[in-house]
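Here is a short briefing on one protein chain. Keep the sequence and the 3D view open as you read.

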Amino acid sequence: MAAPTSLHDAPADWQGCGAAYVAVYGTLRAGGINDIARLQPGIACVGRTQLTGTLHDLGWYPGLRLQGTQTVLAEVYPMDAALERAMDRIEGLWPEDLGEYAKRILTLPVMLTQGGQQSITVLVYEAMPATVSAAPQLAVSDWLAWFEGKGMQHPDTEFQLNTAQNRK
């Protein structure tokens, strides 16, 4: 079977989650090294939400376990199949599952950018227990602000999908 030639080709072995929105809390947030707008130019954030769990420092990116009481800021974006495949590649779920993250579907209250609040069903990429077992826990709610505050510069100046440089 030939490899897909673009993000829009639908490979036979890929399965979407069915959610129409994604909540991103790390490098996919606006301004992050994997800014979601690089994957889908013109995409607009529909709002923000709080995820609940335990946030971990994995070096160049975070890992969130959805167990715990810590609140973590996430941006919510509309999602189609092409965007979901691109994110699955970044998170190491496709074309090969690297065992770092799993897809979770949650219904969360979202503070809409247009004003008001709405319950929206979203995809969240949760770090697997083995991924964070030796990683320090972060007592912050905004991973991107925390990471930028460290003053570190990612070694890449261009976006690359799921590369070794993105791993600790």
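The notes below cover the fold, the surface, the core and the cysteines.

This is a predicted model. The protein chain has 168 residues, and 45% of them count as buried. Its secondary structure comes to four helices and six strands.

**Fold**
- Along the sequence, the elements of the protein chain run β-α-β-β-α-β-β-α-β-α.
- Among contacts in the protein chain with a separation of 6 or more, 71% join residues 24 or more positions apart.

**Surface**
- The protein chain exposes about 8400 Å².
- Carbon and sulfur atoms supply 52% of that area.

**Nonpolar core**
- The largest nonpolar core holds 40 residues.
- Val22, Tyr25, Leu51 and Met87 have the most contacts inside this core.
- Strands that give two or more residues to this core include S1 (21-24), S2 (47-57), S3 (62-78), S4 (101-112) and S5 (117-127).
- Helices H1 (36-39), H2 (81-90) and H4 (143-149) also give two or more residues to this core.
- S5 gives the most to this core, with six residues.

**Contacts of Leu51**
- Leaving out residues up to four places away in sequence, Leu51 touches Ala23, Tyr25, Leu64, Gln70, Thr71, Val72, Ala74, Leu106, Leu108 and Val124.

**Cysteines**
- The disulfide count is zero.
- Cys17 counts as partly exposed because its relative accessibility is 25%, and buried means under 20%.
- Cys45 is also partly exposed, at 23% relative accessibility.

Terms used
Residues are numbered from 1 along each chain as its sequence is written. This is a predicted model: local features need pLDDT of at least 70, side-chain atom pairs count only at pLDDT 80 or more; totals for chains, interfaces and linings use all residues. Side-chain values use heavy atoms; hydrogens and water are left out. Buried means under 20% relative accessible area, exposed over 50%, partly exposed in between (1.4 Å probe, protein chains only). Contact means heavy atoms within 4.5 Å. Accessible areas come from the Shrake-Rupley method with a 1.4 Å probe; for residues, only the protein chains shown count as cover. A nonpolar core is a set of buried Ala, Val, Leu, Ile, Met, Phe, Trp, Tyr and Cys residues joined through side-chain atoms within 4.5 Å. A disulfide is a pair of cysteine sulfur atoms within 2.5 Å.
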